[in-house]
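Please open the model in your viewer and keep the selection tool at hand. The stops below go from one selection to the next, with a note on what is found at each.

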Amino acid sequence: MAPVKKKIAIMTSGGDSPGMNGVVRACVRMALHMGCDAYCVYEGYEGLVRGGDYIRKMAWDDVRGWLSEGGTLIGTARCMEFYERPGRLTGAKNMVLNGIDALIICGGDGSLTGADKFRAEWPSLLDELVEKKELTKDQVAPYKHLNIVGTVGSIDNDMSGTDATIGGYSALSRICEMVDYIEATASSHSRAFVIEVMGRHCGWLALMAGVATGADFVFIPEKPREDNWKEEMCSIVQKHRSLGKRKTIVIIAEGAHDKYSNKITPEMIKDLLADPKGLHLDTRITTLGHVQRGGTAVAYDRMLATLQGVEAVKAVLEATPETETCFIAITENKIVRRPLMQAVIDTKAVAKAIEAQDFDKAMSLRDTEFADQYASYMLTTTANLSTQFQLPKDKRMKIGFINVGAPAGGMNAAIRAGVAYCISRGHEPVAIHNGFAGFARHHGDSPLGAVRSFDWLEVDGWASKGGSEIGTNRELPKESGMEHIASLVKKYKFDALFLIGGFEAFHAVSQLRIAREEFPSLRIPMTVLPATISNNVPGTEYSIGSDTCLNELIDYCDKIKQSASAARRRVFVIETQGGRSGYVATLAGLGVGAVAVYTPEEGVSLGMLEADVRHLKDVFAKDKGQSRAGRLILINEKASKVYTAKLIADIIREEAHDHFESRDSIPGHVQQGGVPSPMDRCRAARLAIKCIQHLENFGRDAADRVMSDPMSSTVIGIRGASVVFTPMKEAEEKETDWANRRPIDEHWMYMKGTVDILGGRPAYPKPEQRLTGLKAKDAKRGLD
Ligand code: ADP
């Protein structure tokens, strides 16, 4: 007898958030892939209580194109009945009648609280159903244990136990877009704007928007300021104005209040800023409201939705009656399962702590990134204002800032935060313009001079600026002349170097580190903050700029997909950047639901192309016109020397014999992005401050320690669940595939399998391995 197929249902509940459709798509397809039946419960708990047509079986193609849709396509509703036991009793009955073995819920803390209650009551609900003769003992027998898993969909990012909720970064993006628009008009009229954003108990959106846009002040529920908050805000605004700033932006969470729980409203702030006896600023209020929920999900939310959906299906299939009910969380960069009940308790505890005016506790219950971001925000907005954090004179350092490699989103935000930190500590932050090439050839005090101290007003406006304001260059120190560079470091008396850039920046620090033996002036601490769209720097799983790039690519792909609607039956072969790392291609493929992704790591072969062409023929033969959008294949620029995007598109067209069309398309430098994404801006600020703190640790005249301490030249990175500094020597020797200019172990590799599974790509012959990865490690390092 064939085993009975498990039935897995998925539901969205509570407030909608961008990315919910991605969760549903991933759950449905992963469930089908695992040999289960997939169901959707429409309209949240309302549908569970009503049953009937609200619970529907889903097929593979039913969720096609859902990644690019905003809101939730299976609906959500507030359901009063589910708060009461009789409502949950009917819900339980409908689950059993439909034979549902497991339920995956995507919703906010309310929905997950409901789920937790449902789980706790489950055995007694079944007993009651039998007692009331609504179901028989035999009917309920197979469902003794309720198998339930949560994924957190919420724009507020208010769930404890996870760094991000699905939809949070999308809402943040909408907010930052609006603030960027408002800034332009504020600056033109020299106005002040008070911008209210969502968040009753959670200031994540307000805080992150403040960091990302460089707002003058923020108000969040978890951390009200001291009694003198009015004076504090006004003096910060006053100081910024006196430095010459023409615009004032204050961001306030809707749940903002003072230390005594008295509400702080946008009107109160406006009155303060407009007071004729005080700042007397022309002040306007903007309440952002529901636009914050709107639009499609950003790249990060699509990744989160997809990976969490896949993990949720795995979790329900692996659960036993003994396993604790879990929800799927992300910590820094790692998808993990966490106990649901604890997270619900902790989340409620934040609101309770705020109510009880225990704000330290409220902050401590948020994740570490939140506290870090708060610290970075206060530091940058008060830079220049107070001397309270300044170090004694003999501990103050002269720190050179330099960009190396191609521009990447967030480079300027990193510099802004680093400079603010330096100023608050009494260090002297110095710009080295145009990379090592600029340093070597234009040093001096001429107008072209490449070396000069930063001026706060100039960098203050850089939080949201794309490109590289101090200029960047690919040249390595050895190419500029190591002896010359060493003499310049000596001439300018640098106590430390802070490099921001991609693989070249990493390579540059490697060269400088080795050259320390020969040149004593280089015996200073140095650290590199990875910033490149390719995300190929060893020592980190994430480089700033890569998120901006993915968002640009996803927008591009969404548009191109839609352009096919008129013609129908079209395959686009899109070439992405990324150097010899397939990260960008793979993650963009994950975000747009590509049918195939071709990477340099794997290569491309005839056999593989043949399998994919056959699959496409199959797909189009079965397509009854449900969706007119085109299909996408993503290929990294260096995946193959011979099979280019154009050649592949030509091959597909030839083989399709007019059954469908094929085109190639190259977005090119669009991928470097215009305005950096909020995630890149916020992470840049946080990591840059950590870098300067790390350098500061060495102090001045640290040559002896520098030579003996491997931590004197490092790369900062996000790895798994933490932010870490890795000694360069270790990263160079153990983690770098020099020939291919990428890390030996690429953390994202496992996602490629997910793209293939969810894109429905059948097994294909793997191309023969070239000299890559481990073998290449032994190849000449190519340092010269
Ligand atoms: P969110 O999930 O976005 O926090 P809500 O708090 O409105 O949104 O919750 C969504 C739905 O979840 C509610 O309409 C209700 O059906 C259910 N729910 C919320 N809290 C509970 C609870 N304590 N007990 C039972 N059901 C609940």
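Begin by selecting Arg741, which is partly exposed, with a relative accessible area of 31% (buried means under 20% relative accessible area, exposed over 50%, and partly exposed in between, with a 1.4 Å probe and protein chains only). Arg741 sits in the loop between S24 and strand S25 (742-743), where helices (H or I, at least four residues) and strands (E, at least two) are DSSP runs numbered from the N terminus. Although Arg741 is not a glycine, its phi is positive, at about 50 degrees.

Before moving on, note that this is a predicted model, in which local features need pLDDT of at least 70 and side-chain atom pairs count only at pLDDT 80 or more, while totals for chains, interfaces and linings use all residues. Residues are numbered from 1 along each chain as its sequence is written, and side-chain values use heavy atoms, with hydrogens and water left out.

Select Asn157 next, which also is not a glycine and has a positive phi, of about 55 degrees. Asn157 belongs to the loop between strand S5 (147-152) and helix H6 (168-189), and at 5% relative accessibility it counts as buried. As background, most residues other than glycine have a negative phi.

The next stops are salt bridges, each defined as a side-chain nitrogen of Lys or Arg within 4 Å of a carboxyl oxygen of Asp or Glu; the count by this rule comes to 48. Show the side chains of Arg719 and Glu735, which form a salt bridge with an N to O distance of 2.3 Å. This pair links distant parts of the chain, 16 residues apart, with Arg719 in strand S22 (residues 713-719) and Glu735 in the loop between helix H26 (728-734) and strand S24 (736-737). Arg719 is partly exposed at 27%, whereas Glu735 is buried at 17% relative accessibility.

To see a network, select Glu602, Asp612, Lys752, Asp756, Arg761 and Lys766 together, which are joined by salt bridges that share partners.

Now go to helix H22 (residues 606-622), where Glu610 and Arg614 lie 4 residues apart, about one turn of the helix. Their closest N and O atoms are 3.2 Å apart in a salt bridge, and Glu610 is partly exposed at 48% relative accessibility. For another pair, select Asp282 and Arg284, whose side chains meet in a salt bridge at 3.1 Å, N to O; Asp282 is partly exposed at 34%, and Arg284 is partly exposed at 35%.

Which helix packs with helix H1 (residues 20-33)? Colour helix H27 (residues 749-759), which packs with H1 at an angle of about 85 degrees, the axes being 9 Å apart; axes are lines fitted to C-alpha atoms, for helices over the stretch in contact, and angles run from 0 to 180 degrees between N-to-C directions. The contact (heavy atoms within 4.5 Å) is made by Arg25, Ala26, Arg29, Met30 and His33 of H1 and by Ile757, Leu758 and Gly759 of H27.

Finally, colour the chain by its domain assignment, whose bounds come from an automatic or database assignment: domain 1 (7-165 + 297-350), domain 2 (168-293), domain 3 (383-544 + 678-739) and domain 4 (546-674 + 750-758). The C-alpha centres of domain 1 and domain 3 lie 46 Å apart, and 5 residues of domain 1 are in contact with 10 residues of domain 3.
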